[in-house]
Every structure is written in structure tokens, then in C-alpha cells.
Amino acid sequence: MRRKNSRSSADKNAELDMTPMLDIVFIMLIFFIVTSSSIKESGLDVNRPQAKTAEKLEQAHIIVAISPAGEIWIDKKVIDIRAVRANVARLHAENPLGSVVITADREAKTHVLVSVMDQIRLAGINNASIATEAESQ
């Protein structure tokens with residue numbers, strides 16, 4: 001006497017293959033990791049000075065902010081002028097193609113800005129930019 005199987009042969013072959021879906025998920029994960037921005041925010045809002053020759057920089061990866069009181073902010077922390085060089089060098093090592101932008105408040109002292117620029121150059125970065133706002137005409 002033959003036992004009847006309750007499943008037909010078509011039901012046995014109707015298993016769902018998850019491999020293509022997992023491939024797509026991993027490809028999307030890699031895409032989002034590669035395209036995500038690794039911008040290091042300064043953590044301080046400043047009133048930037050205006051300039052007629054201001055150019056828009058699409059992406060800055062290291063932002064150093066200077067408050068009106070002369071505080072220096074990198075990566076949402078207040079740091080001492082002596083630590084600017086080490087912090088910028090560390091952030092630049094993490095992302096060698098990233099640019100450095102100094103956002104100094106218009107009320108900030110010039111000597112603080114010059115000291116920050118000097119520390120950035122001592123860290124080996126010679127193309128630091130100063131953030132400004134375009135003048136309205």
C-alpha cells in the first residue's frame with residue numbers, strides 16, 4: 001500500500017531563494033556607507049563675515065569654529081589652541097581627501113584666527129579655507 005504524500009511535487013520546489021535579496025541588501029549597505037558624508041561639525045553657530053569673492057565649497061570634512069569670545073570648537077567640543085594641531089591631524093588622517101574650513105565669527109579676534117591657521121598648517125594642511133557669506137547686492 002502506497003502512502004499518499006499530502007504535498008505535491010510543485011510544493012516541494014516552491015521554496016523561496018533568499019540569496020538575491022541578501023545580495024541586494026549588502027550592495028545597498030555598501031552604497032550607503034560609501035556615499036554617506038563624514039562631515040565633522042564644529043558644534044557652534046557663528047555669524048560669518050561677508051565677502052564679495054566668496055565661493056561655495058560643496059563639502060568640508062573638518063570644520064574649525066571660532067566664537068566671538070575666542071573659543072575654538074572642533075567636533076562639537078571646545079579645545080585649546082595647543083590641541084588644534086593634533087585634532088586636525090587626526091581628523092585629516094581619518095579622511096585624507098577632506099578639506100579644512102575655519103568658520104570664524106565676525107566678532108572673533110584676528111590673532112585667534114591666525115593662530116588656528118598656523119596650527120592647521122603645522123598639521124600639514126596648506127589649503128585651509130575661511131568661511132564667509134556672499135554679500136547681497
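These are my notebook entries on a predicted model of one protein chain.

**Entry 1: the chain overall.** Reading along the sequence, I wrote the pattern down as α-α-β-β-β-β-α-β-α-β-β. The chain has 137 residues, and 27% of them are buried. I then looked at contacts between residues at least 6 apart in sequence, and 70% of these join residues at least 24 apart.

**Entry 2: helix α3.** I went to residues 84–94, which form helix α3, and asked which of its residues are buried. I listed Val84, Asn87, Val88 and Leu91. Viewed down the axis of α3, the buried residues fall within an arc of 95°, so they line one face of the helix. On the face turned away from the buried side of α3 I found the exposed residues Ala86 and Ala93.

Next I checked what the buried residues of α3 pack against. The partners are the strands β2 (62–66), β3 (72–74), β4 (77–79) and β5 (100–104), together with helix α4 (110–122).

**Entry 3: Asn87.** I picked out Asn87, which sits in helix α3. Its relative accessible area is 16%, and the cut-off for buried is under 20%, so Asn87 counts as buried. Leaving aside residues up to four places away in sequence, I noted that Asn87 touches Ile74 and Ile79.

**Entry 4: strand β5.** I asked how many of the five residues of β5 are buried. The count is five of five, so I put the strand down as mostly covered by the under 20% cut-off. Val100, Ile102 and Ala104 point one way from β5, while Val101 and Thr103 point the other way, and all are buried.

**Entry 5: neighbours of β5.** I looked up the pairing of β5 with β2 and found five bridges, the two strands running parallel. Within this pairing, Ile62 stands opposite Val100 of β5. I also found two bridges from β5 to strand β6 (residues 129–130), again parallel. Here Val101 has Ser129 in β6 as its bridge partner. Last, I followed the chain from β5 through α4 to β6 and recorded this β-α-β crossover as right-handed.

Conventions:
Residues are numbered from 1 along each chain as its sequence is written. This is a predicted model: local features need pLDDT of at least 70, side-chain atom pairs count only at pLDDT 80 or more; totals for chains, interfaces and linings use all residues. Side-chain values use heavy atoms; hydrogens and water are left out. Helices (H or I, at least four residues) and strands (E, at least two) are DSSP runs, numbered from the N terminus. Buried means under 20% relative accessible area, exposed over 50%, partly exposed in between (1.4 Å probe, protein chains only). Contact means heavy atoms within 4.5 Å. The arc is that of the directions from the helix axis to the C-beta atoms. Two strands pair if DSSP finds at least two bridges between them. A crossover is right-handed if, with the strands pointing away from the viewer, the path from the first strand over the helix to the second runs clockwise.
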